[in-house]
Amino acid sequence: MGGQRGKVKAKARKKKRLEASKRSAGYRKRFLNKILKWDEPILSEQCSIVEKGEDISNLIRDMGRILSFSENGVGLAASQIGVVKRVVAAKINKEVRFFINPEIKIHSGNTIKSMEACLSYPGIEVVVDRNDTITVDYEDEARIHHIKEFKDFSAIILQHEIDHTNGICGVGAEWKRLNTPPPVEESTEQEEYDDPVSVESDSSKE
Ligand SMILES: [Zn+2]
């Protein structure tokens, strides 16, 4: 009495949950795959100013999703997803914040050694000299202008990302110096592409 139906329903719910989680894994993957890597020329380009009134809402949305989907990522520049604009997203105190046309106005001059990695050069780490405190002139995603001081890890993230807006990346420079070819995608990632369920639910989402 209802037990059987309950079981069937529970099974259906389980199946639905499983499919939803696979779909969301595929969804996340699709966003993370937007990150340009290795020898992609856009990564070395000087990015242009975001004009007044320019609609960058889709860019902001995509950058926010990518950064929240990325487990290790703490910052992302628009050029890393192929948009050559001066826009940066950074996890400041675990919260994703946006910096439009960011410019470092004051460097403390007190440098610290920072071990850095980059989503565009996975697996590469390099020690970079950074200022421990910087003052940044920027607009937030609502295009409100700010001049704010950032310290320590927040200052390091912003210096790394603002470098990207100028086509500079210390991690990328290290990869070029090492002169190793871009690695082949890992087999675990390949398996996920081959999964017929996630491919099917991916295409239904398009
Ligand atoms: Zn980077």
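Mentor: Keep in mind that this is a predicted model. Start at one pair of strands. Glutamate 103 stands opposite aspartate 137 in S6. The strands S3 (residues 95-107) and S6 (residues 133-139) are joined by five bridges, in the antiparallel sense. Now widen the view. The open sheet has five strands, ordered S1-S2-S3-S6-S7, and their pairing is antiparallel. Its edges are strand S1 (75-77) and strand S7 (145-151), each of which pairs on one side only. From one strand to the next, the twist averages 40°. As background, strands of a sheet pair through backbone hydrogen bonds, parallel or antiparallel.

Next, the helices. Helix H3 (residues 152-165) lies across S1, S2, S3, S6 and S7. Its direction is at about 160° to S2. Helix H2 (residues 57-69) lies across S1, strand S2 (87-92) and S3. H2 runs at about 35° to S2.

Stay with H2. Its 13 residues reach 18 Å from the first C-alpha to the last. That is close to the 18 Å expected at 1.5 Å a residue. Which residues of H2 are buried? They are Leu59, Met63, Ile66 and Leu67. Viewed down the axis of H2, these buried residues fall within an arc of 95°, so they line one face of the helix. Turn to the face of H2 directed away from its buried side: it carries the exposed residues Ser57, Asn58 and Arg61.

Notes:
Residues are numbered from 1 along each chain as its sequence is written. This is a predicted model: local features need pLDDT of at least 70, side-chain atom pairs count only at pLDDT 80 or more; totals for chains, interfaces and linings use all residues. Two strands pair if DSSP finds at least two bridges between them. Helices (H or I, at least four residues) and strands (E, at least two) are DSSP runs, numbered from the N terminus. Axes are lines fitted to C-alpha atoms, for helices over the stretch in contact, and angles run from 0 to 180 degrees between N-to-C directions. Two residues are in contact if their C-beta atoms, placed from the backbone, lie within 7 Å. The expected span of a helix is 1.5 Å times one less than its number of residues. A residue is buried if 20 or more other C-beta atoms lie within 10 Å of its own, exposed if 12 or fewer, and partly exposed in between; C-beta atoms are placed from the backbone. The arc is that of the directions from the helix axis to the C-beta atoms.
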